[in-house]
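Please keep the sequence and the model open while reading the numbered points.

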Amino acid sequence: QVQLVESGGGLVQAGGSLRLSCAASGRILSINAMYWHRQAPGKQRELVARISSGGITNYADSVKGRFTISRDNAKNTVYLQMNSLKPEDTAVYYCAAEIRTPVKTWYEDYWGQGTQVTVSS
């Protein structure tokens with residue numbers, strides 16, 4: 001019953017900015033860590049950013065200083081602010097979250113379906 005819905009992707013020129021959002025809905029008791037991954041054509045999926053339940057963040061070296069992950073626990077939403085975008089940032093971006101529901105005593109991984117980000121040179 002849990003779903004993650006992403007928004008905010010699109011086409012932007014190099015040097016521009018985008019803000020991605022991902023909202024989780026359904027029968028949610030709690031959310032632990034939340035993530036953003038991306039997959040470019042011909043490349044493996046890679047972890048872009050992670051944020052813990054306590055707000056501790058981790059970033060891939062390629063995006064440090066340019067991207068910021070944040071979360072709004074009241075809205076069950078994770079964000080990815082992307083600044084100074086480069087053509088090599090072009091990829092499908094996926095959100096993910098570790099979520100506990102009323103029918104389980106442990107966290108399970110849930111994924112969104114992805115949103116396209118294209119950066120032109």
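1. Leaving aside its neighbours within four places in sequence, which residues is Gly 112 in contact with? They are Leu 4, Glu 6, Tyr 94 and Cys 95, where contact means heavy atoms within 4.5 Å.

2. On the source: this is a predicted model, in which local features need pLDDT of at least 70 and side-chain atom pairs count only at pLDDT 80 or more, while totals for chains, interfaces and linings use all residues. Residues are numbered from 1 along each chain as its sequence is written, and side-chain values use heavy atoms, with hydrogens and water left out.

3. Gly 112 sits in the loop between β10 (108–111) and β11 (115–120). Strands here are DSSP runs of E, at least two residues, numbered from the N terminus. Gly 112 counts as buried because its relative accessibility is 10%; buried means under 20% relative accessible area, exposed means over 50%, and partly exposed is in between, with a 1.4 Å probe and protein chains only. From Gly 112 to Gln 44 the distance is 17 Å, C-alpha to C-alpha, and the two are 68 residues apart in sequence.

4. The bond joins Cys 22 to Cys 95, with S to S at 1.9 Å. Distant parts of the chain are linked by this pair: Cys 22 is in strand β3 (residues 18–25) and Cys 95 in strand β9 (residues 91–100), 73 residues apart. The link of Cys 22 and Cys 95 is right-handed, with 45° about the S-S bond.

5. Are the two cysteines buried or exposed? Cys 22 counts as buried because its relative accessibility is 1%, and Cys 95 is buried with a relative accessible area of 0%.

6. Thr 101 is found in the loop between β9 and β10. With a relative accessible area of 7%, Thr 101 is buried. Setting aside neighbours within four places in sequence, Thr 101 is in contact with Val 2, Arg 27, Leu 29 and Tyr 110.

7. How many salt bridges are there? The count comes to four, where a salt bridge is a side-chain nitrogen of Lys or Arg within 4 Å of a carboxyl oxygen of Asp or Glu. Side chains of opposite charge can pair when their charged atoms come close. One of the bridges is between Lys 64 and Asp 61, whose closest N and O atoms are 3.1 Å apart. Lys 64 is partly exposed at 48% relative accessibility, whereas Asp 61 is exposed, with a relative accessible area of 65%.

8. Arg 38 forms a salt bridge with Glu 46, the closest N and O atoms being 2.7 Å apart. Arg 38 is buried, with a relative accessible area of 6%, while Glu 46 counts as partly exposed at 32% relative accessibility.

9. Another salt bridge brings together the side chains of Arg 66 and Asp 89, at 2.8 Å from N to O. Arg 66 lies in the loop between β6 (57–59) and β7 (67–72) and Asp 89 in the loop between β8 (77–82) and β9, so the pair ties together parts that are 23 residues apart in sequence. Both Arg 66 and Asp 89 are buried. Through salt bridges that share partners, Arg 38, Glu 46, Arg 66 and Asp 89 are joined into one network.

Methods
Helix = DSSP H or I, 4+ residues; strand = E, 2+ residues; numbered from the N terminus. Disulfide = S-S within 2.5 Å.
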